[in-house]
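Dear colleague,

I am passing on the structure that we discussed, together with my notes on it. Please look through the sequence and the model before you read further.

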Amino acid sequence: LLGSRLVTRQTGSEGLPINALLIEEPTDIGRELYLSALVDRASRRVLFMASSAGGMNIEEVAAETPERIHTILVDPVAGLQSYQCRKLAFHLDLEGKQVRQFGDLMHRLYDLFLDCDASLIEINPLVVKSDGGLIALDAKINLDDNAFYRQPELVAMRDLSQEDEREAAAKEHDLNYITLDGNIGCMVNGAGLAMATMDLVQLHGGRPANFLDVGGGTTAERVAEAFKLILSDDKVRAVLVNIFGGIVRCDLIADGIIQAVKEVGVEVPVVVRLEGTNASEGLERLASSGLAITTAADLTAAAEQVVAAAGG
């Protein structure tokens, strides 16, 4: 296993490198259960989810046998209550000492969830051993990166080899970047506008290569770094820049685009749509730059042009 790549539904087709192995003693398994705590954004509370169908993909259970999934919501003021733990335990057909052990596990899981600013803690499977005891056989934790500033010990455990190289580099420059499988690079300011831009690219027959939000208060330097990130993906055949200048000035964005194209040596078509503060000045700078940059009058035209430039 060491030195190979692990491919799962979570990793995608490229998988992740295996740099270490954790070897555990065999467990005599009686039953496999599922238990998780996560943020329920609709209710703005911590939600516990449990199922008797452990050891398998919980999404499949939700789709095929939703009646096997049981949930509770935790009041943030009252905290997790013992009766809630017992309720889930009974749904899982636990009894006697198992109910108390399950309740203790849930309370410790809730404390951990709050202490480490988690967005998800999942135990799958939670095993009922042949002797009746419970053991968390496998687990994963997702942390809220907005809270990293107060979790230095957890941040120190970060393993960059398990992350997308471009996504990790983007974080160093405060850029929000997610790798996708298309061939049209997208650079946009604002997450909502970025989603709309990718939708339009897809609507006109293209495939976005990334989600990239450079932020509302971006600078020429950050635009240059964003270009470098996009072009580090060898699948990219064209780049679409869509900027709405509300907080940020479009002429500064134009300077960043020109700087990036000169520094990086862009060899793919670049389509730019600027709107908002100093948009006309920004477009003039792009037009007089002498660089192979195409400007678009509106977002629809920009999407059509970049899809055509990428080869449809």
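A word on the basis comes before the findings. This is a predicted model, in which local features need pLDDT of at least 70 and side-chain atom pairs count only at pLDDT 80 or more, while totals for chains, interfaces and linings use all residues. Residues are numbered from 1 along each chain as its sequence is written, and side-chain values use heavy atoms, with hydrogens and water left out.

The chain is divided into domain 1, covering 4-156, and domain 2, covering 165-310; such bounds come from an automatic or database domain assignment. The C-alpha centres of domain 1 and domain 2 lie 39 Å apart.

I turn next to the strands. Helices (H or I, at least four residues) and strands (E, at least two) are DSSP runs, numbered from the N terminus, and two strands pair if DSSP finds at least two bridges between them. Throughout, buried means under 20% relative accessible area, exposed means over 50%, and partly exposed lies in between, with a 1.4 Å probe and protein chains only. Strand β6 (118-129) is largely enclosed by the rest of the structure, because 10 of its 12 residues are buried. Eight bridges join β6 to β3, and the two run antiparallel; in this pairing A37 stands opposite I121 of β6. Strand β6 is also antiparallel to β8, through five bridges, and there I123 stands opposite A139 in β8. A further three bridges join β6 to strand β7 (residues 134-136), again in antiparallel fashion, with V128 opposite L134 in β7. Strands β6 and β7 form a hairpin with four residues between them, and G132 in the turn has a positive phi of about 95°.

A parallel pairing is found between strand β12 (residues 238-245) and β13, which are joined by seven bridges. F244 has E275 in β13 as its bridge partner. Strand β13 (residues 270-276) is mostly covered, with five of its seven residues buried.

The charged pairs come next. A salt bridge is taken here as a side-chain nitrogen of Lys or Arg within 4 Å of a carboxyl oxygen of Asp or Glu, and by this rule the count comes to nine salt bridges. One of them joins the side chains of D117 and R150, with N to O at 2.8 Å. This pair links distant parts of the chain, 33 residues apart, since D117 lies in the loop between α3 (97-115) and β6 whereas R150 lies in the loop between β8 (139-143) and α4 (152-155). D117 counts as buried because its relative accessible area is 15%.

R249, D251, D255 and R285 are linked in a network of salt bridges. R249 is partly exposed at 37% relative accessibility, whereas D251, at 3%, is buried. R285 pairs with D255, with 2.6 Å between the closest N and O atoms. This pair, too, links distant parts of the chain, R285 being in helix α9 (residues 279-287) and D255 in helix α8 (residues 250-264), 30 residues apart. R285 is partly exposed at 34% relative accessibility, and D255 is partly exposed with a relative accessible area of 29%.

As for the cysteines, a disulfide is defined as a pair of cysteine sulfur atoms within 2.5 Å, and a search of the whole structure finds zero disulfides. C85 is in no disulfide, and the nearest cysteine sulfur, that of C116, is 18 Å away. C85 counts as buried, because its relative accessible area is 2%. C250 is likewise in no disulfide, with the nearest cysteine sulfur, that of C186, 18 Å away, and at 0% relative accessibility C250 counts as buried.

Finally, I23 lies in the loop between β2 (16-17) and β3 (29-40), and I23 counts as exposed because its relative accessibility is 75%.

With best wishes
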